[in-house]
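Load the structure in the viewer and keep a selection panel open. The tour below goes from stop to stop.

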Amino acid sequence: MSPSVSLLLLLLLGLSQAHPAIEEREDDGQIKEDDAVDITTRILTTNNGTSEILLEGDVLVPKTRNAMKCLYQKCLWKKGADGMVTIPFTISSEYNSRESQLIRNALQSFHSQTCVRFVDRRNENDYISIENQAGCFSALGREGGKQVLSLNRQGCIYFGIAQHEANHALGFMHEQTRSDRDNYVRINWENIQPQMAYNFYKGDTNNLDTPYDYSSIMHYGKTAFSIDNVKETITPIPNPNVQIGQRQGMSFWDIKRINLLYNC
């Protein structure tokens with residue numbers, strides 16, 4: 001190997017070690033997501049230092065209603081005469097062009113298979129403000145007025161995470177808090193950080209007559225809130241080897257539920 005080639009390799013190695021995202025950059029500007037890290041791990045790790053009061057790790061405590069529940073029209077985004085559910089949004093100028101485009105791509109992914117349309121805000125009163133706050137989190141459903149959806153630049157700028165938080169903004173909770181979850185997963189309470197146990201309480205959920213979905217982008221990973229980040233807090237049953245906590249994109253049932261909830 002020539003000295004010039006060796007020097008080039010050393011320079012590239014140094015760059016990749018100093019800036020891991022360089023190795024993860026896709027040709028389209030998006031970032032590949034490490035197959036070993038699920039959405040929940042990324043979100044909970046990023047949210048560890050936030051001062052926000054969050055339920056289930058990334059859902060803001062409601063300001064306009066007294067329960068973590070979005071079953072009624074008042075917390076759904078309005079449908080227009082054209083049959084489209086239009087949701088205005090703004091994106092903070094703190095994001096660079098690549099980050100803004102990734103966020104836009106995630107929002108636009110709803111357009112092809114649902115009647116939800118995320119559009120740039122003009123002067124609408126109700127809208128989503130996507131901001132670089134200290135964590136990855138969202139309100140549940142439409143709250144009215146400006147509502148923050150946070151995607152921290154250091155840990156949340158991933159396609160799957162943006163989709164996940166957008167689903168919260170549409171009104172969807174995490175899959176493993178479904179009212180019928182005990183038929184599909186075992187919660188290992190002894191492996192959960194005691195102060196975080198409330199994040200695993202079942203909800204009074206609207207399951208829309210759809211099956212439990214291990215592959216939902218809204219499902220926690222197996223070690224969410226684990227006492228040592230290794231022991232499983234959630235184990236699928238009857239097959240413990242079923243994968244949960246994927247981060248590639250919305251599943252078939254994620255999309256189906258949006259269409260059911262909003263009568264697309």
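Predicted model: local features only at pLDDT ≥ 70, side-chain atom pairs only at ≥ 80, totals over all residues.

Begin with helix 5, residues 159-170. Twelve of its twelve residues are buried; among them are F159, H164, E165 and L170. Check the length next: at 1.5 Å a residue, the twelve residues should span 16 Å, and the end C-alpha atoms are 17 Å apart, which agrees. Step just past the helix to G171, which has a positive phi of about 120°.

Now select helix 6, residues 252-261. Its buried residues are D254, I255, R257, I258, N259 and L261. Show their surroundings: these residues pack against helix 5 and against strand 4 (116-120). Just after helix 6, N263 takes a positive phi, here about 50°.

Turn to the rings. The model has nine aromatic pairs. In one of them, W189 and F200, the ring centres are 6.4 Å apart and the planes stand at 75°, so the pair is edge-to-face. Both residues are in the loop between strand 8 (185-187) and strand 9 (234-236), eleven residues apart. W189 is partly exposed, at 41% relative accessibility, while F200 is buried at 0%.

Finish at Y127, where R121 lies over the ring face, 3.9 Å from the ring centre.

Technical notes
Residues numbered from 1 in each chain as written. Heavy atoms only, no water. Buried < 20%, exposed > 50% of the residue type's maximum accessible area, 1.4 Å probe, protein only. Helix = DSSP H or I, 4+ residues; strand = E, 2+ residues; numbered from the N terminus. Contact = heavy atoms within 4.5 Å. Expected span 1.5 Å × (residues − 1). Phe/Tyr/Trp six-rings, centres within 6.5 Å; stacked < 30°, edge-to-face > 60°. Lys NZ or Arg CZ within 6 Å of the ring centre and 35° of its normal.
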